[in-house]
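Me: I have a model open and would like a close look at a single part of it. Could you walk me through it?

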Amino acid sequence: MLAMNYRGPLRVRASQKPMPQIEHPQDAIVRVTRSCICGSDLHLYNGSVPDTRVGMTFGHEFTGIVEEVGSEVTKIKVGDHVLVPFNIACGECVFCKQEMYGNCHESNPQATAVGGIFGYSHTAGGYNGGQAEYARVPYANVGPTVIPEGMDPDDAVLLTDVVPTGYQAAEMGGIQKGDTVVVFGAGPVGIMAAKCSWLFGAGRVIIIDQVDYRLEFARNYAQCEAYNFNEIGDPVVFMKKTTDWMGADVCIDAVGAEAAGNAMQTITGRKLLLQAGSATALHWAINSVKKGGIVSIVGVYGPTDNLVPIGNVLNKGITIRANQASVKRLLPRLIEHVQNGVLNPKALITHRIPLEEVSDAYRIFSAKLDNCIKPVLISPSAGM
Amino acid sequence: MENITNDYSHIKGWGIDADPKNDPTYPMKKRNNGEHMGYSWTRPTLQPETVEVLHSIERPNVTAVFGTSTPPSGLSGMIRRLAFKKSENDYGHWLPLILADRINVVEGIIEDLRSGIVPNIFAEKGMKAEWKHNRSGVIRQMAVTAIIAYGFVAFYRAKKRRDRGY
Ligand SMILES: [Zn+2]
Ligand SMILES: [Zn+2]
């Protein structure tokens, strides 16, 4: 089968790989119908996630048709069209029982700090992902969800990560009616976080980025204020000024380790790898939030070493909340929102690119070429 | 303070998920006594270990299910095995993994050549797309590279001449 194949930093190609097999009685094999490239794939693409091995297939946002199921699979059957949450979760461990599906303790042997994620290095379990014609889906009784009748697969594929992650970012912000919410990062997740902030009753939603076309997109899609940090001077001072010198009630970091905007962070984090990526967006979030405010982090950071202004967290009495989205927990509510037209995820998709052209797709997305917001890869066997 | 209008009628679904007790909603509200009982849940069926799986020393075993995408191999694999003797809390775990990743890239090229594939690095980097959508950027980059290269050549030529005492 054809699959995306990682060859090293900034080098990927589509090549022939063996078909995935049932390796556990709760496995399913799906024929992939849609798979997206995600902003967090760029951390892998740039070579900044440790234990990203050459030959791996990325892709944690996909939908597919069930081709084969293991002997213990009861919740889905051959022929079902399913959306597959990016977290691999057993449903049995103490964390799954708390609905923390992003923190499963039975899906990632290589690290305890993060659960298993499709196509996300060995640090997240060593699973091949969905940027392929076929994918192995473990714990098929837990994650995969049959796409509701009448739902567009383009909407469904964004329910695997972007929508729940954006929604949970807003939820973790503990937004109260009338709150001012600032989202750092106008990528798909940041845009969705801004959009969802309104659902929690935000009074004002602001998004900060440095790419004008993304800001324009966010302004239209999420009906929020959007500012280019290259034009507003120090973004922290700007946020203070525009909130009557108080700071925002809630700040959301939807950027993570690839952040631009601060030379020191760029050099130590992204060039010299002295810390696990640049923490610029997190600095801005901590320093722009009101005293007693909440910082919600969904941007992906690498393991263990980051230079975080923890002194300001203490002095300002900030609550920090962060997690991988618990997709399965949120799905019922979000499916409802999509069906009622409250959320329109597929509007984020700007590019449809054949899997064969995966190298170009990564370049277009990572270099922000051609006004790309969200690319979806279509495999030759998608059949739709 | 800027004027905050209280009319959100243009935003579909405004406030429908508002919850005054959303502070913090999750995961605290779902906590139970399970986590006080340690590693005691009924484990799912165990996946047979048909490939070498490294596991964090912060857990006693391999998880019930794991990925089998690319087992450790070669020099990079040896480094990875050593890295997994250190905890996730230790630089001695993460830094060797990053080093192993870099070595693995070279191993990948060797493996390609061995199987008769000459990796088309230009294509793998998606330069076709860059050329299509950002031609001026590519040209600028090439020009800068050429100027720097010319500078080096000119400098060393001049140096040679100086050394010969012209
Ligand atoms: Zn994603
Ligand atoms: Zn679990």
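Predicted model: local features only at pLDDT ≥ 70, side-chain atom pairs only at ≥ 80, totals over all residues.

Reply: Residues are numbered from 1 along each chain as its sequence is written, chains are lettered from A and ligands numbered from 1 in the order in which they are written, and side-chain values use heavy atoms, with hydrogens and water left out.

Now, helix 5 of chain B covers residues 135-163 (helices are DSSP runs of H or I, at least four residues, numbered from the N terminus). An unreviewed UniProt entry puts a "transmembrane region" at residues 138-156 of chain B; such annotations may be inferred rather than shown by experiment. Over those residues the chain is 100% helix and 0% strand, with the end C-alpha atoms 27 Å apart.

F152(B) sits in helix 5 of chain B. Patch members have over 30% relative accessible area and no salt bridge, with nonpolar side chains joined within 5 Å and like charges within 9 Å; a salt bridge is a side-chain nitrogen of Lys or Arg within 4 Å of a carboxyl oxygen of Asp or Glu.

R161(B) is in helix 5 too. Together with R157(B), K160(B), R162(B) and R164(B), R161(B) makes up a surface patch of positive charge. R161(B) counts as partly exposed because its relative accessibility is 46%, between the cut-offs of under 20% for buried and over 50% for exposed.

Terms used: Areas by Shrake-Rupley, 256 points an atom, 1.4 Å probe, with all protein chains shown as cover. Lys, Arg positive; Asp, Glu negative; His and termini not counted. Charge placed at Lys NZ, Arg CZ, Asp CG, Glu CD. Helix = DSSP H or I, 4+ residues; strand = E, 2+ residues; numbered from the N terminus. Buried < 20%, exposed > 50% of the residue type's maximum accessible area, 1.4 Å probe, protein only.
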